[in-house]
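Hi everyone, thanks for making the time this morning. Let me put the structure up on the screen, and then we can walk through it together.

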Amino acid sequence: MLFRSQRRHSRRPFDRAVRVDGKSALGVDLSMGGMRVTGVDPAPAAGRIVLVEFVLPGGEPLAMRAEVLRSEDDVYVLRFVRLDPGNLLKLANFANELAA
């Protein structure tokens, strides 16, 4: 288990609608490395690669691949994988807005 001091990226609260493989879910928190979501039904298996989508402020969609690392009750921990430079920049800008 990672302790807060071992985390590469700080988490920001992220209470927004998201889609995981086309299914509605709710974001819990977000970082440059990944996010936690809740309400995914059926539950994705650990190790699976899923498509995570949400809308940025201003209405721009953002879609990224993520690996399901584990579940903690009804919360699923996702790690972003193979982010293209454009999505990485969008995510960084958005994470900075959440931190402000």
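This is a predicted model: local features need pLDDT of at least 70, side-chain atom pairs count only at pLDDT 80 or more; totals for chains, interfaces and linings use all residues.

Let's get our bearings. The protein has one helix and seven strands, and along the sequence they come in the order β-β-β-β-β-β-β-α. The radius of gyration is 13 Å, close to the 13 Å that the globule rule gives for 100 residues, so the protein is as compact as a globular protein of that length.

Now to H1. This helix covers residues 85-99, which makes 15 residues. From the first C-alpha to the last, H1 reaches 21 Å, close to the 21 Å expected at 1.5 Å a residue.

Back to my question. The buried residues of H1 are Asn-87, Leu-91, Phe-94 and Ala-95. Seen down the helix axis, they fall within an arc of 105°, so they line one face of H1. Here is a handy rule for reading such a list: an α-helix has 3.6 residues a turn, so residues three or four places apart point the same way.

And what sits on the other side? There, Pro-85, Leu-89 and Asn-96 of H1 are exposed.

So what covers the buried residues of H1? The cover includes strands E1, E3, E5, E6 and E7. Do take a moment to find E6 at residues 61-72 and E7 at residues 75-81.

One more detail, at the N-terminal end of H1. Asp-84 caps that end, with a side-chain oxygen 2.9 Å from the backbone nitrogen of Gly-86.

Gly-34 lies in strand E4, residues 34-38. Is Gly-34 buried or exposed? Gly-34 has a relative accessible area of 6%, and because the cut-off for buried is under 20%, it counts as buried. Beyond its neighbours within four places in sequence, Gly-34 is in contact with Leu-78, Arg-79 and Phe-80.

Finally, let's step back to the whole protein. Of the 100 residues, 34% count as buried. Among contacts with a separation of 6 or more, 43% come from residues 24 or more positions apart. The protein exposes about 6100 Å², and carbon and sulfur atoms supply 52% of that area.

Definitions and conventions:
Residues are numbered from 1 along each chain as its sequence is written. Side-chain values use heavy atoms; hydrogens and water are left out. Helices (H or I, at least four residues) and strands (E, at least two) are DSSP runs, numbered from the N terminus. The expected span of a helix is 1.5 Å times one less than its number of residues. Buried means under 20% relative accessible area, exposed over 50%, partly exposed in between (1.4 Å probe, protein chains only). The arc is that of the directions from the helix axis to the C-beta atoms. Contact means heavy atoms within 4.5 Å. A polar contact is a pair of N or O atoms within 3.5 Å; within protein, one must be able to donate a hydrogen and the other to accept it, and residues adjacent in sequence count only if both atoms are side-chain atoms. The radius of gyration is taken over C-alpha atoms; the globule rule is 2.2 Å times the number of residues to the power 0.38. Accessible areas come from the Shrake-Rupley method with a 1.4 Å probe; for residues, only the protein chains shown count as cover.
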